[in-house]
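Subject: Structure handover

Hello,

Here is the structure I promised to pass on. My notes on it follow below.

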Amino acid sequence: MRNALLIALGTIIAVGWLASPQKPVAEASSKEAALTASKQVTEAEKQRKLDNYFAGTAELSRSADGHFYSDVSVNRTRIHALVDTGASVVALTGADASAIGLRWNQADVRVVGSGASGPVEGVPVTLDSVELGRHEARQVQAVIIPKGLDVSLLGQSYLTTVDPVRIEGDRMLLGG
């Protein structure tokens, strides 16, 4: 009786398997291998980012224009900034400075430096805090550039407080 049940069950499984559409073995195995490889890369990347986070390292990916950008907290307000290792200080657009709550008037604007196109006019300020990832710096020197700056710059007045700052391929690693 038991043997008859096993034979019947085996027959049902075999018929069901034969009736179901089958992929060619080579096609199925190559797709499965590619999927498995992409999952492994994704898992490895997730693990690397998690390890960096717990090590206190902020990891930025190079954007299509070749630069590194990040959302940064300035005086507890989020702004989007270009990480600029060639800028001596943090430079805020007029719009970002207003969003942060910084106020100035035209009488405060003066030459604060020079750029590729000549003198740069702005307003020197000290920021209470600048935070990227898990690294916060206090009393950071900055300038507000009311006109002519398209994106705020995260410059050396902040970056010198992060050790190390390094570029590895298409990744910028700050801290850790």
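Does Arg138 count as buried or exposed? Arg138 counts as exposed, at 53% relative accessibility. Please keep in mind that this is a predicted model, and that the values below are computed from it.

Arg138 also has a charged partner. Arg138 and Glu136 form a salt bridge, with 3.7 Å between the closest N and O atoms. Glu136 is partly exposed, its relative accessible area being 31%.

Overall layout

The chain has 176 residues, of which 30% count as buried. Its secondary structure consists of four helices and 10 strands. In sequence order the pattern is α-α-β-β-β-β-α-β-β-β-β-α-β-β. Among contacts in the chain with a separation of 6 or more, 56% are between residues 24 or more positions apart. The accessible surface of the chain is about 11300 Å², and carbon and sulfur atoms hold 56% of that area.

The open sheet

Three strands make up an open sheet, in the order β1-β10-β9, with antiparallel pairing. Its edge strands are β1 (58-61) and β9 (165-168), each of which pairs on one side only. From one strand to the next, the twist averages 20 degrees. Four bridges link β9 to β10 (residues 171-174) in the antiparallel sense. Within this pairing, Glu168 has Arg171 in β10 as its bridge partner.

Glu168 also takes part in a salt bridge, with the side chain of Arg166 at 3.3 Å, N to O. Glu168 is partly exposed at a relative accessible area of 36%, and Arg166 is partly exposed at 29%. Salt bridges with shared partners connect Glu59, Arg166, Glu168 and Arg171 in one network.

Pro164 is in the loop between α4 (156-159) and β9.

β2 and β3 run antiparallel and are joined by six bridges. In this pairing, Ser70 is opposite Ala81 in β3. The hairpin has two residues between its strands, and Asn75 has a positive phi near 50 degrees there. Arg76, in the loop between β2 and β3, has a positive phi near 70 degrees although it is a residue other than glycine.

β2 also pairs with β6, in the antiparallel sense, over two bridges. Here Ser73 is opposite Glu131 in β6.

Glu131 is in turn connected to Arg76: their side chains form a salt bridge at 3.4 Å, N to O. In the whole structure, the search finds seven salt bridges. As background, side chains of opposite charge can pair when their charged atoms come close.

Another positive phi occurs at Gln139, near 55 degrees, again in a residue other than glycine. Gln139 is part of strand β7 (residues 135-145) and is exposed, with a relative accessible area of 52%.

Nonpolar side chains in soluble globular proteins tend to be buried together. The largest nonpolar core here has 29 residues, and the members that touch the most others are Val90, Leu92, Leu102, Leu127, Val130, Leu154 and Tyr158. β6 gives the largest share of this core, with five residues. Apart from this core lies another, of six residues, including Leu82, Ala87, Val143 and Ile145.

Which residues does Val90 touch, not counting those up to four places away in sequence? Val90 touches Leu127, Val140, Gln141, Ala142, Val143, Leu153, Leu154, Gly155, Ser157 and Tyr158.

Regards

Methods
Residues are numbered from 1 along each chain as its sequence is written. This is a predicted model: local features need pLDDT of at least 70, side-chain atom pairs count only at pLDDT 80 or more; totals for chains, interfaces and linings use all residues. Side-chain values use heavy atoms; hydrogens and water are left out. Two strands pair if DSSP finds at least two bridges between them. Axes are lines fitted to C-alpha atoms, for helices over the stretch in contact, and angles run from 0 to 180 degrees between N-to-C directions. A salt bridge is a side-chain nitrogen of Lys or Arg within 4 Å of a carboxyl oxygen of Asp or Glu. Buried means under 20% relative accessible area, exposed over 50%, partly exposed in between (1.4 Å probe, protein chains only). A nonpolar core is a set of buried Ala, Val, Leu, Ile, Met, Phe, Trp, Tyr and Cys residues joined through side-chain atoms within 4.5 Å. Contact means heavy atoms within 4.5 Å. Accessible areas come from the Shrake-Rupley method with a 1.4 Å probe; for residues, only the protein chains shown count as cover.
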